[in-house]
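Trainee: Could you take one part of this protein and walk me through it slowly? I'd like to see how a single spot ties in with whatever sits around it.

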Amino acid sequence: MNKTYSIKPKDINRQWYLLDASEVTLGRLSTKAAKLLLGKDKPQYSHHIDCGDYVIIINANKLKITGNKLKTKGYYRHSQHPGGLHSRTLDEQIVKDPTEVIAHSVKGMLPPNKLASARMKRLKIYSGSEHSHMPQQPTVISLKKGNS
């Protein structure tokens, strides 16, 4: 009788991937990063075990946004005091911290469970083209049209 194989946490082999934010729009970048963080492209994927990979995103300051989102999309936070709502447009948020825009987008594409914070810790975002993860020898993934 065959038994269903379930991966053990000690058997997980994590890879490092490098994505360039200047190649595609925010949504396409975020979906690819979320898929790699979840490990959905692996044959041993299981929704209850964190078997995803590390993702490095560079050139966050060269992020591509389509349409009128720079002026209309808003980011909100609240101080938990009356009248404490603070808001920024996407344009203002990119000027202040472009890495936060990508992190917010990727986090919204992950399932809201106990594994989400561990997955977000494996996401490394840098504003420029320099990063400190060269010893890990990340695999470069091109997101330009025609590649996946």
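Predicted model: local features only at pLDDT ≥ 70, side-chain atom pairs only at ≥ 80, totals over all residues.

Mentor: At 25% relative accessibility, Thr89 counts as partly exposed, because buried would need a value under 20% and exposed one over 50%. You'll find Thr89 in strand S4. Setting aside residues up to four places away in sequence, Thr89 touches Leu70, Lys71, Lys73, Gly74 and Tyr75. Two of those names come back when you look at the strand pairing. Gly74 stands opposite Thr89 of S4, while the bridge partner of Tyr75 in S4 is Arg88. Thr89 and Tyr75 are 14 residues apart along the chain, and their C-alpha atoms are separated by 6.2 Å.

Now zoom out to the two strands. S3 and S4 (residues 85–89) run antiparallel and are joined by five bridges. The hairpin they make has six residues between the strands, and in it Gln80 takes a positive phi near 70°. As a general point, side chains in a regular strand alternate between the two faces of the sheet.

Which residues of H4 are buried? In H4, which spans residues 98–108, they are Pro98, Thr99, Val101, Ile102, Ala103, Ser105 and Val106.

The axes of H1 and H4 come within 9 Å and cross at roughly 60°, so the two helices are oblique to each other. H1 passes H4 in a right-handed crossing. On the H1 side, the contact is made by Leu26, Leu29, Ser30, Ala33, Ala34 and Leu37; on the H4 side, by Val101, Ile102, Ser105 and Val106. Sort the residues of this contact by type and you get eight nonpolar, two polar and no charged. Notice that Val101, Ile102, Ser105 and Val106 were also on the list of buried residues in H4.

Next, the other sheet. Four strands form an open sheet with parallel pairing, in the order S5-S2-S1-S6. S5 and S6 (139–140) stand at the edges with a single partner strand each, so one side of each has no neighbour in the sheet. S6 runs parallel to S1 (residues 16–20), and two bridges join them. Tyr17 has Thr139 as its bridge partner in S6. H1 packs on this sheet, touching S1, S2 and S5, and its direction makes about 175° with that of S1. H4 lies across S2 and S5, running at about 155° to S5.

One last stop: Arg119, which sits in helix H5. Is Arg119 buried or exposed? Its relative accessibility is 1%, so Arg119 counts as buried. Leaving aside neighbours within four places in sequence, Arg119 is in contact with Leu37, Leu38, His47, Ile49, Asp50, Leu110, Pro111 and Asn113. Leu37 is one to remember here, as it is also among the H1 residues that make the contact with H4.

Conventions:
Residues numbered from 1 in each chain as written. Heavy atoms only, no water. Buried < 20%, exposed > 50% of the residue type's maximum accessible area, 1.4 Å probe, protein only. Axes fitted to C-alpha atoms, helices over the stretch in contact; angles between N-to-C directions. Parallel < 35°, antiparallel > 145°, perpendicular 65-115°, else oblique. Left-handed = near helix turned anticlockwise from the far one by under 90°. Contact = heavy atoms within 4.5 Å. Nonpolar A, V, L, I, M, F, W, Y, C, P; charged D, E, K, R; others polar. Pairing = 2+ DSSP bridges.
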